[in-house]
Amino acid sequence: LGLLHADFDNGYDAFAIDNSLRTLADRPGRDAQRSDGASLDATWPLAGDLDLRSITTWAESDIEVSFDGDWGNDADWGDAGPYDYFSRTLRNRRTLSQDLRLASGGAGGSSWTAGAWWLRLEESNDIADDGLYLEDAFERQFDSDYRADSVALYGQAQWSPAPATTIAAGLRLEQRDARYDDSDGSDFDPRDRLWGGDLTVTQRLSDTQNLWASLSRGYRAGGFNIGTSVPPARQQFELGWKGRNRQGDRTADVNFFYTRRERPQVSTSIQLDPQDPLTFIFLTDNAADAETWGIESSAQLRLTDRVEIGAMLALMDSRYQGYRFGDRDLDGREWAHAPGWKSSLSTTWRHPEGWMARADLSGEAGFYFDTSNDERSDPRFIANLRVGYEAERW
């Protein structure tokens with residue numbers, strides 16, 4: 001049994017119109033949340049090696065998000081004013097879910113799990129905006145209600161047709177019924193039928209090496225209002241190798257991957273009215289298609305009883321296909337927050353009496369911050385140093 005109560009009251013305005021470290025907002029707003037939740041996880045042993053497991057969860061949140069839309073004050077805006085905008089959103093969100101699954105422990109190297117899952121999500125948003133620009137003043141009120149019921153059946157099984165071969169397969173079927181309406185007259189009630197699954201074959205080459213191949217398909221449902229989107233599908237294919245030698249003093253693994261996404265959801269932004277900063281919105285858009293491929297590898301080597309070194313290298317090539325956002329053509333451009341390479345080196349020293357020290361150097365390539373602009377980060381390297389003491393119970 002788990003119980004949760006959270007009460008957050010954060011500041012909001014971390015932005016300054018002069019790029020300083022001091023906000024100039026005359027109405028700073030709030031970022032506040034109160035949440036309560038509970039979960040119950042119970043398992044009953046049945047006949048043989050069967051177990052019945054029930055997971056029930058409930059949560060409710062009251063949230064306020066408000067901010068100074070012009071990020072300044074009359075004195076700082078000067079001749080551009082009067083220029084005064086403010087937005088406040090009051091949100092209530094409730095969830096209730098039930099997961100019921102039957103699992104077999106797996107005699108003879110085989111095991112399986114089958115289950116059913118249900119989720120109800122309810123959310124209401126009350127948004128109030130007001131603004132003043134020169135002689136043009138306005139007030140806007142926008143209210144919306146959203147409810148979604150999701151039901152899924154799923155199963156996963158693992159078996160060994162040969163002593164060195166393991167096959168694992170899973171399938172999930174889901175239906176989602178949603179309902180959305182708002183004070184502007186929008187009214188939607190879509191029904192989504194979604195499916196995903198995976199098939200993995202693992203071959204043990206020796207006591208220290210495994211070769212595997214995996215084919216998987218995932219999905220993500222659509223939404224409304226602040227994050228409007230349409231359900232996309234995602235397919236993934238992986239091939240890799242992992243090994244550990246008999247003495248356990250060195251390990252290495254390599255993972256080759258290819259992922260193709262259909263109508264992927266991407267985060268972007270737009271300002272609909274250049275004179276009204278409250279029309280600058282972050283939204284979820286659908287790109288046409290996208291794909292990525294690459295390699296991930298890591299290795300660890302114990303030099304002595306006290307010193308261990310490690311290294312990691314990942315290379316990735318990603319691109320959008322046929323995606324346009326407004327007048328911007330993003331065909332062939334890298335995904336946002338998808339650096340082309342990442343790497344790290346580490347050294348760890350441990351003394352038999354419990355003292356330890358570790359040094360890490362990690363780096364990554366530059367990447368695009370967003371799909372709505374062409375700003376990129378610079379490549380960066382970060383060094384971390386750590387010293388400590390370890391004991392049996394500490």
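User: What does buried mean here?

Analyst: Buried means under 20% relative accessible area, exposed means over 50%, and partly exposed lies in between (1.4 Å probe, protein chains only). This is a predicted model: local features need pLDDT of at least 70, side-chain atom pairs count only at pLDDT 80 or more, and totals for chains, interfaces and linings use all residues. Residues are numbered from 1 along each chain as its sequence is written, and side-chain values use heavy atoms, with hydrogens and water left out.

User: Why is Glu123 called buried?

Analyst: Its relative accessible area is 15%. The cut-off is under 20%, so Glu123 is buried.

User: What makes Arg91 and Glu123 a salt bridge?

Analyst: A salt bridge needs a side-chain nitrogen of Lys or Arg within 4 Å of a carboxyl oxygen of Asp or Glu. Here N to O is 3.5 Å. So the pair qualifies. Arg91 lies in strand 4 (residues 83-104) and Glu123 in strand 5 (residues 111-133), so the bridge ties together parts 32 residues apart in sequence. Strands are DSSP runs (E, at least two residues), numbered from the N terminus. Arg91 is buried at 19%.

User: Why is Arg101 called partly exposed?

Analyst: Its relative accessibility is 24%. That lies between the 20% and 50% cut-offs, so Arg101 is partly exposed. Arg101 forms a salt bridge with Asp99, with the closest N and O atoms 2.5 Å apart. Asp99 is buried, at 9%.

User: How do you know that Asp317 forms a salt bridge with Arg319?

Analyst: Their closest N and O atoms are 3.4 Å apart. The limit is 4 Å, so the pair counts. Asp317 is partly exposed at 30%, and Arg319 is partly exposed at 30%.

Technical notes
Helix = DSSP H or I, 4+ residues; strand = E, 2+ residues; numbered from the N terminus.
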